[in-house]
Amino acid sequence: MTDIPATVLEPEAGPQPTAEERWRALKTVSPGDVVYRTVLTVFALLLPLVLVTIALELGVNAWPAVSKFGFGFLTHSTWDPVRGEFGALPLIVGTLYSSLVALVIAVPLALACAIFLTEFAPRWLRAPVATLIELLAAVPSVIYGLWGIFVLIPLLRDHFWPVARHALSWLPIFSGVFYGPSVLAGGVILSIMVLPYIAAVSREVLLAVPPSQREAGLALGATRWETVWTVILPYGRAGIIGAVILGLGRALGETMAVTMVIGNRHEVSASLLQPGYTIAAAIANEFSEAVSDMHLSALFLVGAVLFLITIVVNAVARVLVWRVARGSAVGSTAI
Amino acid sequence: MRGRTARRLVGSAMTGVTYGAAALAILPLAAILGMLILKGAGSVDWNFFTKSAVPVGEPGGGFAHAIVGTLIIVGLACAVGVPIGVATGIFLAEFGGGRFGFTIRFVADVLNGVPSIVIGIFAWTWLVKPMGHFSALAGGCALAVILVPILARTTEEMVRLVPNSLREAALALGYPRWRTSLQVVARTAGAGIVTGCLVAVARVAGETAPLLFTALGNEFFSTRLLGPMAALPLQVYVYAVGPYDEWHRQAWAGALVLIVLVLALSLVARAVVRAKRQHA
Amino acid sequence: MTKTFAALLAVATGAVLLAGSAAAQGSIRLTGAGATFPYPIYSKWMLEYHTQHPNVEINYQSIGSGGGIRQFTDHTVDFGASDGPMTDVQIQAVNGNVLHIPTVLGADVPTYNIPGVTQQLRFTGDVLAGIFLGQITKWNDSRITGINPGIPLPDQDIVVVHRSDGSGTTYIWTDYLTKVSPDWAQRVGKGTSVNWPVGLGGQGNPGVASTVKQTPGAIGYVELIYAVQNHIDYGLVRNKAGNYIQASLESATRAAAGAVATLDPNTDFRISITDPDGAQAYPIASFTWLLIPKEMSDATKARTLLEFVWWATHDGQQYNEGLSYARLPEPVVRLEEQRLKSVTVNGKPVLPANYGRGQRGR
């Protein structure tokens with residue numbers, strides 16, 4: 001996007017009109033505009049249509065489980081397909097926990113990558129490295145899973161943990177015996193998988209920061225790092241939060257790779273070293289072999305829960321972005 | 001206030017940290033590719049690309065049916081999903097300021113979080129069951145549902161990055177809004193949108209779960225859109241969990257080809273983007 | 001943008017045209033789906049059958065037993081397959097229009113990883129149930145050392161590894177434990193997935209095998225085929241007659257023979273053969289079934305399907321050993337012949353009464 005001419009005189013203070021407001025200010029509307037807008041609207045309407053259908057389908061199929069277990073479904077930990085008793089607490093906790101671990105690892109790394117690619121890397125290195133990082137996103141889930149089993153887990157168990165144990169084992173999140181398949185392994189795999197998404201979007205955001213901002217920072221005598229930290233990152237804050245949310249969305253719904261390394265145990269544990277389970281993994285694992293109708297219904301219900309979690313996460317994210325973006329006039333357009 | 005040297009030092013240190021981060025980020029890619037080449041390259045030969053599955057124990061089997069199947073199913077997903085995704089994205093960027101735009105954006109993010117197997121079930125309920133049989137078309141539609149929200153959000157972001165000054169310039173030249181939007185804004189954001197398409201295609205090309213209950217898979221070479229069709233990730237998955245060494249070898253080879261396919265797609269598109277930039 | 005767009009559309013259109021040009025060549029296509037466990041042999045049969053009958057393409061995909069039963073019920077496939085028999089309720093859902101046809105036998109074996117132990121361990125049903133219930137937690141527990149005299153078992157924690165995905169393998173394993181341990185039957189029961197009291201979940205046979213291999217002190221269960229093909233060591237299990245049996249294709253077939261010796265000739269084949277009679281029978285084995293309709297509407301498809309199933313249960317069995325599947329015992333095949341001949345289209349039998357005469361003894 002380097003060929004876009006920079007607007008030299010960006011208004012520094014006061015709310016900048018959004019694209020839409022500027023559009024609206026235009027009085028002339030041609031018939032073509034009406035057609036254009038209508039066509040786009042119809043396409044856009046397809047998304048809610050699909051979503052509502054999926055939600056209905058989840059709802060209808062989950063209903064037997066809802067009427068049998070009610071609210072207790074969310075608070076119980078027993079998952080017994082034989083007796084038809086289902087509680088989703090371990091799945092919900094595991095889903096959120098592993099995604100959190102993934103973000104804790106991936107966000108700093110991804111941001112550092114984005115900064116590297118836009119600010120510090122020599123020009124000849126930028127395109128190839130950016131390509132390589134983006135290619136990480138292209139690796140199919142199941143291949144990450146295989147790699148996780150054969151490379152990552154032995155690495156964590158035989159090399160990371162024996163060294164880290166002395167420093168970390170007093171922490172409740174690192175308690176217990178470490179067999180390998182665990183929330184930690186799941187989180188690490190997820191972090192690798194969401195990193196390219198966060199890095200790529202953050203990079204686009206940082207690239208969109210006008211050179212004038214950068215130049216202003218440097219002209220005031222800041223070092224390049226200080227310019228990044230005090231000018232460029234705050235400028236792109238909203239966009240970066242958007243990138244993190246994109247990553248979180250990916251992590252929450254990720255299936256195959258996680259199930260191959262997380263240990264798949266229906267149990268709530270604070271320790272990262274213990275096996276856990278995620279909603280998407282449970283659905284993938286049990287859906288095709290579920291024989292009883294209640295089992296199937298319970299799987300649909302956890303699917304619906306994941307659906308709701310996604311909605312809540314997005315709502316929270318939107319409030320956050322809104323808060324962050326409200327104060328600053330710029331950057332909000334990236335979201 | 002810190003001294004100048006200290007500030008310089010912090011700057012250098014942080015530069016080093018970003019170098020390290022980039023190296024660390026690329027490391028898994030290298031490790032994964034290395035493993036795939038090590039385990040799979042030996043089994044990628046002429047037969048692999050020209051032959052379909054043969055019974056276990058006989059030599060000379062290949063993945064031709066699965067490779068062609070994946071190309072067709074992903075092609076269908078694009079034919080269905082790309083127009084919807086790009087149009088939705090442009091809509092969000094150009095007209096999505098109000099409550100309706102907010103809703104659509106929200107919907108796209110939620111759709112993005114729906115587990116892919118649930119989308120497979122959705123396609124099964126609405127396409128496979130009414131039609132009475134599994135089909136590549138149903139698989140393509142399932143993948144399209146995954147592709148659209150990703151593409152819509154990326155397109156939106158890319159279109160929004162286009163400076164208003166460009167819009168204003170076009171309008172000042174007497175372009176109507178729709179032409180401005182299509183020819184100036186969308187074109188300027190084109191490179192970004194193509195990248196979005198690639199990310200989305202790369203994501204769906206490797207999906208197994210949504211195809212399980214839609215395209216189903218096929219042992220035989222088939223190009224019938226209304227019949228069951230093989231796909232690379234399905235075949236890789238089935239062979240990977242199977243008990244035979246021969247299948248494991250083929251699974252690794254299939255995984256390697258899948259990655260190379262995605263990689264090649266990505267590189268071709270980059271070339272397109274670059275050419276476009278020089279053009280403009 | 002427009003160019004790329006056009007290119008994408010061109011690819012899609014090309015795909016559609018390609019598909020259109022490859023018109024059907026008058027071949028008969030059947031689709032089946034279901035159980036994962038017999039997928040390799042089914043795939044072999046269907047490809048072999050295609051080489052012998054080039055106009056027949058029978059496509060089978062492993063989407064899981066539950067999926068197989070559901071697709072069969074919803075008529076999206078021509079036949080289904082399952083590692084566990086359909087329940088009475090499920091059979092009602094198809095108005096009883098289903099036949100269970102056993103095709104091959106599967107068996108589960110206990111596999112373990114104990115540092116310093118290379119000898120083959122012996123297990124009893126009680127001990128396996130105790131371990132998987134979390135009641136036996138150390139490898140040097142007297143209940144294990146008692147049946148393994150002379151093997152130096154260490155004071156090491158037992159790490160149980162089970163399947164995380166729903167699977168026929170789990171069904172066989174828990175079906176066996178349910179039969180031999182009242183405690184297991186009461187607390188856990190049998191199913192394709194159960195509420196495991198202890199342990200880690202591995203994805204598929206490879207997931208269980210690699211977790212066991214990489215975790216000191218681990219014990220898990222995998223399919224016999226998987227263990228044989230991947231050279232995984234496994235333990236002996238004591239059968240009803242009191243003998244410690246090495247799982248093998250022969251001992252699995254003997255399990256079926258032991259179980260069907262007393263079978264009602266009108267059986268619907270929905271029987272469990274775990275913990276069977278027979279001195280040399282391996283106790284953790286099971287049939288896997290094809291699900292076909294009793295009454296069909298399309299005569300051509302019906303004839304093709306039945307001829308194929310007939311072939312699979314007769315000539316097709318010769319491929320079993322090569323892929324490490326156990327053969328059906330002869331008496332079971334005889335009973336199946338009658339069942340296959342009972343299939344009708346519009347009330348008329350599809351196969352002639354003398355079908356298959358002269359093919360015997362191959």
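Guide: What follows goes from the chain interfaces to the domains and then to one helix pair.

This is a predicted model, in which local features need pLDDT of at least 70 and side-chain atom pairs count only at pLDDT 80 or more, while totals for chains, interfaces and linings use all residues. Residues are numbered from 1 along each chain as its sequence is written, and chains are lettered from A and ligands numbered from 1 in the order in which they are written.

Between chain A and chain B, 76 residues of chain A are in contact with 77 residues of chain B, two residues being in contact if their C-beta atoms, placed from the backbone, lie within 7 Å. On the side of chain A that touches chain B, the most residues, 17, come from helix α2 (residues 31-69) of chain A; helices (H or I, at least four residues) and strands (E, at least two) are DSSP runs, numbered from the N terminus. That side of chain A comprises 50 nonpolar, 17 polar and nine charged residues, where Ala, Val, Leu, Ile, Met, Phe, Trp, Tyr, Cys and Pro count as nonpolar, Asp, Glu, Lys and Arg as charged, and the others, Gly among them, as polar.

A helix pair also spans these two chains: the axes of helix α10 (residues 237-253) of chain A and helix α4 (residues 99-113) of chain B come within 8 Å and cross at roughly 35°. Axes are lines fitted to C-alpha atoms, for helices over the stretch in contact, and angles run from 0 to 180 degrees between N-to-C directions. Here A:Gly249, A:Leu252 and A:Gly253 in α10(A) meet B:Asp109, B:Asn112 and B:Gly113 in α4(B), a contact with one nonpolar, four polar and one charged residues.

Chain C touches chain A as well, in a contact that takes 28 residues from chain C and 23 residues from chain A. On the chain C side, the elements giving two or more residues are α3, β7 (200-202) and α9 (204-214) of chain C, and by class that side has six nonpolar, 20 polar and two charged residues.

Within chain C itself, the domain assignment, which is automatic or from a database, gives domain 1 (3-106 + 283-349) and domain 2 (107-247). Their centres, taken over C-alpha atoms, are separated by 32 Å, and 18 residues of domain 1 of chain C are in contact with 21 residues of domain 2 of chain C. On the domain 1 side, β11(C) gives the most, with three residues, and the residues of that side divide into eight nonpolar, nine polar and one charged.

Chain B is likewise assigned domain 1 (2-43) and domain 2 (46-279), and the C-alpha centres of these domains lie 29 Å apart. Their contact takes six residues from domain 1 of chain B and eight residues from domain 2 of chain B.

The last pair lies in chain B, where helix α7 (residues 164-172) and helix α8 (residues 177-188) pack at an angle of about 150°, with their axes 10 Å apart. α7(B) and α8(B) are therefore roughly antiparallel to each other, since angles under 35 degrees count as roughly parallel, over 145 as roughly antiparallel, 65 to 115 as roughly perpendicular and the rest as oblique. In this pair, B:Leu166, B:Arg167, B:Ala170 and B:Leu171 in α7(B) meet B:Thr180, B:Val184, B:Val185 and B:Thr188 in α8(B), giving five nonpolar, two polar and one charged residues by class.
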